[in-house]
Amino acid sequence: MSYSDDQYNPDQFETRANEDLALLTKTLEEVLKSSGDSADQTYIELKEKAEQALNEVKSRVSQASDGYYYRAKRAVYRADDYVHDKPWQGIGIGAAAGLFLGLLLARR
């Protein structure tokens, strides 16, 4: 399965997460406002709608987390290939990053 960088844009994920949260909130508010008998048809329909919305959100979050996993794995492989191709540059980058982090932590 291939994931493109455009498909799982963090801004797009945040927008979708906000939309999903709004959908869940609206649906669950409808369920809570419905103070009918549990045998009432409206209550049953709203409960099914809430369950469906929850399942859709779970599916989207799962797909997004899979996308982030594959992107991170791809980045690790690229870094590994880079270090194998150019070991001294990898050592230099690691030393510079360590120095930078050390200076940041020493300021505290």
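Guide: Angles under 35 degrees count as roughly parallel, over 145 as roughly antiparallel, 65 to 115 as roughly perpendicular and the rest as oblique. This is a predicted model, in which local features need pLDDT of at least 70 and side-chain atom pairs pLDDT 80 or more, while totals for chains, interfaces and linings use all residues. Residues are numbered from 1 along each chain as its sequence is written, and side-chain values use heavy atoms, leaving out hydrogens and water.

Visitor: Why are α2 and α3 called oblique to each other?
Guide: Helix α2 (residues 41–85) and helix α3 (residues 87–106) pack at an angle of about 120 degrees, with axes 5 Å apart. α2 and α3 are therefore oblique to each other.

Visitor: Which residues make the contact of α2 and α3?
Guide: With contact meaning heavy atoms within 4.5 Å, Tyr82, Val83, His84 and Asp85 of α2 meet Pro87, Gln89, Gly90 and Ile93 of α3.

Visitor: What span does α2 reach, and what is expected?
Guide: The expected span is 1.5 Å times one less than the number of residues. With 45 residues, α2 reaches 66 Å from its first C-alpha to its last, close to the expected 66 Å.

Visitor: Which residues in α2 are buried?
Guide: Buried means under 20% relative accessible area (1.4 Å probe, protein chains only); in α2, Leu46, Ala50, Ala53, Val57, Ala64 and Gly67 are buried.

Visitor: Where in the chain is confidence lowest and highest?
Guide: On pLDDT, the predictor's confidence in each residue from 0 to 100, helix α1 (residues 10–33) is lowest at a mean of 70, and α3 highest at 90.

Definitions and conventions
Axes fitted to C-alpha atoms, helices over the stretch in contact; angles between N-to-C directions. Helix = DSSP H or I, 4+ residues; strand = E, 2+ residues; numbered from the N terminus. Buried < 20%, exposed > 50% of the residue type's maximum accessible area, 1.4 Å probe, protein only.
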